[in-house]
Amino acid sequence: MTAGHPHETARDVMHPGAMCLPEHETLDRAAQMMRDHGVGALPVCGQDDRIMGIITDRDIVIKCVAQGHDPTSTRAADLVTGLVSVTPDTPIQEALDQMERHQIKRLPVVESDHVVGMISEADLARHLPDDQLADFVHRVYAKS
């Protein structure tokens with residue numbers, strides 16, 4: 001991948017203030033929250049407000065609905081697996097590398113186990129030079 005702006009960090013690119021979905025919420029409620037906030041992913045947090053993982057609109061469709069599960073009774077915690085995140089001070093190139101390595105299109109920015117923002121493709125499109133953005137898109141979607 002081409003070198004980015006070395007002074008840019010996740011904080012410079014992220015959309016601040018991501019809303020956390022409580023682990024006990026059902027997937028139909030998660031979908032409603034995504035619709036209401038115009039997002040395709042929500043961080044999932046435990047009772048202590050610490051991030052457990054992330055859930056996407058695609059997760060709801062593929063891992064719940066398409067498998068015949070009921071989104072009104074399936075909880076967010078049932079779908080969360082692993083967590084890939086960065087801190088606000090992570091260099092943007094390192095954040096891009098994480099997204100490419102794990103083939104993810106949204107990346108939580110976490111400080112002290114609490115979500116402080118999210119990096120999405122739209123955020124990258126606003127902040128990266130065209131050639132770096134094109135390279136990122138090619139690397140993430142080529143393996144999808």
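Which residues in α2 meet which residues in α3? I will start there and then go through the rest of the model, which is a predicted one.

On the α2 side, the residues are L27, A30, A31 and M34, and they meet D57, I60 and C64 in α3. Sorted by class, this contact has 6 nonpolar residues, no polar ones and 1 charged one.

Now the geometry. Two packed helices are described by the angle between their axes and by the distance between those axes. For α2, residues 27–37, and α3, residues 57–64, the angle is about 150 degrees and the axes are 10 Å apart. An angle over 145 degrees counts as roughly antiparallel, and α2 and α3 are therefore roughly antiparallel to each other. The crossing of α2 past α3 is left-handed.

I60 sits in helix α3. Is I60 buried or exposed? Its relative accessible area is 7%, and buried means under 20%, so I60 is buried. If we leave aside neighbours within four places in sequence, I60 is in contact with L27, A30, A31, M34, I55, V65 and L79. I60 can also be placed relative to T74: the two are 14 residues apart in sequence, and their C-alpha atoms are 9.5 Å apart in space.

Next, the sheets. Strands of a sheet pair through backbone hydrogen bonds, either parallel or antiparallel. Strand β3, residues 41–45, pairs with β4 in the antiparallel sense, over 5 bridges. Within this sheet, L42 stands opposite I55 in β4.

Between β5 and β6 the pairing is antiparallel, over 6 bridges. V110 stands opposite V115 in β6. How many residues lie between β5 and β6 in their hairpin? There are 2, and S112 in the turn has a positive phi of about 55 degrees.

Staying with β6, which covers residues 114–120, we find H114 in that strand. The relative accessibility of H114 is 30%, so H114 counts as partly exposed. Leaving aside neighbours within four places in sequence, the contacts of H114 are D48, D49, R50 and V109. H114 and A10 are 104 residues apart along the chain, and their C-alpha atoms are separated by 15 Å.

That takes us to the start of the chain. T9 is found in the segment before α1, which is 10–13. T9 has a relative accessible area of 17% and is therefore buried. Apart from neighbours within four places in sequence, T9 is in contact with P88, D89, T90, P91 and I92.

Helix α4, residues 92–102, and helix α6, residues 130–142, pack at an angle of about 25 degrees, with axes 9 Å apart. Angles under 35 degrees count as roughly parallel, and α4 and α6 are therefore roughly parallel to each other. What residues make this contact? From α4 they are Q93, L96, M99 and E100, and from α6 they are Q132, F136, R139 and V140. By class, the residues of this contact divide into 4 nonpolar, 2 polar and 2 charged.

To recap the two helix pairs: α2 and α3 are roughly antiparallel, while α4 and α6 are roughly parallel.

Note on methods
Residues are numbered from 1 along each chain as its sequence is written. This is a predicted model: local features need pLDDT of at least 70, side-chain atom pairs count only at pLDDT 80 or more; totals for chains, interfaces and linings use all residues. Side-chain values use heavy atoms; hydrogens and water are left out. Axes are lines fitted to C-alpha atoms, for helices over the stretch in contact, and angles run from 0 to 180 degrees between N-to-C directions. Helices (H or I, at least four residues) and strands (E, at least two) are DSSP runs, numbered from the N terminus. Angles under 35 degrees count as roughly parallel, over 145 as roughly antiparallel, 65 to 115 as roughly perpendicular and the rest as oblique. A crossing is left-handed if the near helix is turned anticlockwise from the far one by less than a right angle, and right-handed if clockwise. Contact means heavy atoms within 4.5 Å. Ala, Val, Leu, Ile, Met, Phe, Trp, Tyr, Cys and Pro count as nonpolar, Asp, Glu, Lys and Arg as charged, and the others, Gly among them, as polar. Buried means under 20% relative accessible area, exposed over 50%, partly exposed in between (1.4 Å probe, protein chains only). Two strands pair if DSSP finds at least two bridges between them.
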